Amino acid sequence: GLTKIEKIPFSSREEEQAENIRKMLEMHNYRIGEHTALEEIKKGKAVKKTYSELLFDINCLGTALSVLLKGSGHKIALLGQNSIPWVTVYMTVLSGADVIIPIDDTLPVDDIIDVLEQGEAEAVFYSKAYEEQMREYSQRSAGVKYFISLDKHENDEQGCFFSYEGLKKKGKALLSVGDKSYIGLGCNTDGVKMILFYEGQGVMLSQKNTYIPLQLKRDAMII
């Protein structure tokens, strides 16, 4: 089940000055933590994630990534269609000290590989549609060391292949023994947090460029 996380109180002034995604999530957890943040339709059924659950998943995933990648400043690619795991990975990296490289999943495979190599990605999260291509690429990749499936079960992990669910589980265990390698990180809103590739060129963005303060709301983001 969900392990409860501390609800940090915020003053009205602090709410007005939520200058980064991390603080925004913490405030949403404090004010409306039990309300739905994300909703995804899978096989005709609605899958929901509350703000508290989302923040907890981010903390778990971020902690596991900090241990797996050993440190901060790593470039992490994200490939796949919008889903709750996709959004969680995106927000985890933006809230931490690494750099996210979102990849357009409509690109041809060769162009996707070019983005991974030009962006100097060390890890890539990918959806099941790219399982075969990532398996093949792993045999010749010099830069990408960690291939993380957004869909596969943790029992399928082997070698350089990992799973989103497996990493969350490992992060939960690390948090339970006091690991603060992720949640203790500061947030540099001016440093490079994202690299977007357009027509072969990479554009570096800071969190200030990517973050727009969101008002507290009770409506979920439908994916």
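## Salt bridges

A salt bridge here is a side-chain nitrogen of Lys or Arg within 4 Å of a carboxyl oxygen of Asp or Glu. Helices are DSSP runs of H or I, at least four residues in length, numbered from the N terminus. This is a predicted model. The structure holds 7 salt bridges. Side chains of opposite charge can pair when their charged atoms come close.

One of the pairs is D57 with K49. Their closest N and O atoms are 2.8 Å apart. How accessible is D57? D57 has 8% relative accessibility, so it counts as buried. K49 is buried too, with a relative accessible area of 16%. The pair belongs to a network of salt bridges that links K49, D57, E165 and K168.

## Pairs at helix 6

Helix 6 spans residues 131-138. E131 and R135 both lie in helix 6. They are 4 residues apart, about one turn of the helix. An α-helix has 3.6 residues a turn, so residues three or four places apart point the same way. E131 and R135 form a salt bridge, and their closest N and O atoms are 2.7 Å apart. E131 is buried, at 15% relative accessible area.

E136 pairs with R140. Their side chains meet in a salt bridge at 3.3 Å, N to O. E136 is partly exposed, with a relative accessible area of 43%.

## The buried side of helix 6

Which residues of helix 6 are buried? They are E131, M134, Y137 and S138. These residues cover an arc of only 135° around the axis, so they sit on the same side of helix 6.

## Helix 5 against helix 6

Two packed helices are described by the angle between their axes and the distance between the axes. The axes of helix 5 and helix 6 come within 12 Å. They cross at roughly 50°, which makes helix 5 oblique to helix 6. The crossing of helix 5 past helix 6 is right-handed.

Which residues meet here? Helix 5 contributes V109, I113, L116 and E117. Helix 6 contributes Q133, M134 and Y137. M134 and Y137 are also among the buried residues of helix 6.

F56 lies in helix 3, which covers residues 51-69. F56 is buried, with a relative accessible area of 7%. F56 and N29 are 27 residues apart along the chain. Their C-alpha atoms are separated by 9.6 Å.

T92 is found in helix 4, residues 84-95. Is T92 buried or exposed? T92 is buried, with a relative accessible area of 1%. Residues up to four places away in sequence aside, T92 touches I58, L61, G62, L65 and Y182.

Definitions and conventions:
Residues numbered from 1 in each chain as written. Predicted model: local features only at pLDDT ≥ 70, side-chain atom pairs only at ≥ 80, totals over all residues. Heavy atoms only, no water. Buried < 20%, exposed > 50% of the residue type's maximum accessible area, 1.4 Å probe, protein only. Helix = DSSP H or I, 4+ residues; strand = E, 2+ residues; numbered from the N terminus. Arc of directions from axis to C-beta. Axes fitted to C-alpha atoms, helices over the stretch in contact; angles between N-to-C directions. Parallel < 35°, antiparallel > 145°, perpendicular 65-115°, else oblique. Left-handed = near helix turned anticlockwise from the far one by under 90°. Contact = heavy atoms within 4.5 Å.
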